[in-house]
Amino acid sequence: MYVQQLKRLTPREAEIASGMVLGLSTRQVAAALGISRRTAESHRANIMGKLHIGSVATLTKMACLTEHYDSLPPFNEIAGHVDAAPEHRT
């Protein structure tokens, strides 16, 4: 069931979703993929709308319940090494 929903994502949305599932912030995903934060936010909104979900936790649950995350590309292979430490704002 979730596999079919995740397959509705465009390749770029799937890349963004992969980063989100790994716990990366929108800013970290954007930096890793070489896109602006605003573009990443737009993709994130599209993902949430297409999947009819309201949280990253639900997206993560969907990904975990699919067999071996097959529906999402491996983010670390797409973006290389990303510092996944939480952001601290000053």
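1. Surface. The accessible surface of the protein chain comes to about 5500 Å². Carbon and sulfur atoms hold 53% of that surface. Of the 90 residues in the chain, 38% count as buried.

2. Confidence. This is a predicted model, so read it with its scores in mind. The protein chain averages a pLDDT of 82, and 73% of the residues score at least 70. Among the elements, helix 4 has the highest mean pLDDT, at 96. Helix 6 (residues 75–79) has the lowest, at 60.

3. Overall build. The protein chain has six helices and zero strands. Read along the sequence, the pattern is α-α-α-α-α-α. Take the contacts with a separation of 6 or more: residues 24 or more positions apart account for 71% of them.

4. Helix 2 against helix 4. Helix 2 spans residues 11–21 and helix 4 spans residues 37–51. They pack at an angle of about 90°, and their axes are 9 Å apart. Angles of 65 to 115 degrees count as roughly perpendicular, and helix 2 and helix 4 are therefore roughly perpendicular to each other. Helix 2 brings Arg12, Glu13, Ile16, Ala17 and Met20 to the contact. Helix 4 brings Ala40, His43, Arg44, Asn46, Ile47, Met48 and Lys50. By class, the contact has six nonpolar, two polar and four charged residues.

5. Leu6. This residue sits in helix 1 (residues 2–6). Leu6 has a relative accessible area of 1%. Buried means under 20%, so Leu6 is buried. Leu6 and Leu51 are 45 residues apart in sequence. In space they are 7.4 Å apart, C-alpha to C-alpha.

6. Helix 3 and the residue after it. Helix 3 covers residues 26–33. Its buried residues are Thr26, Gln28, Val29, Ala30 and Leu33. Gly34 follows helix 3, and its phi is positive, near 70°.

7. His52. Most residues other than glycine have a negative phi. His52 is not a glycine, yet it has a positive phi of about 55°. His52 lies in the loop between helix 4 and helix 5 (56–65). Is His52 buried or exposed? With a relative accessible area of 66%, His52 is exposed, because exposed means over 50%.

Note on methods
Residues numbered from 1 in each chain as written. Predicted model: local features only at pLDDT ≥ 70, side-chain atom pairs only at ≥ 80, totals over all residues. Heavy atoms only, no water. Axes fitted to C-alpha atoms, helices over the stretch in contact; angles between N-to-C directions. Helix = DSSP H or I, 4+ residues; strand = E, 2+ residues; numbered from the N terminus. Parallel < 35°, antiparallel > 145°, perpendicular 65-115°, else oblique. Contact = heavy atoms within 4.5 Å. Nonpolar A, V, L, I, M, F, W, Y, C, P; charged D, E, K, R; others polar. Buried < 20%, exposed > 50% of the residue type's maximum accessible area, 1.4 Å probe, protein only. pLDDT = per-residue confidence, 0-100. Areas by Shrake-Rupley, 256 points an atom, 1.4 Å probe, with all protein chains shown as cover.
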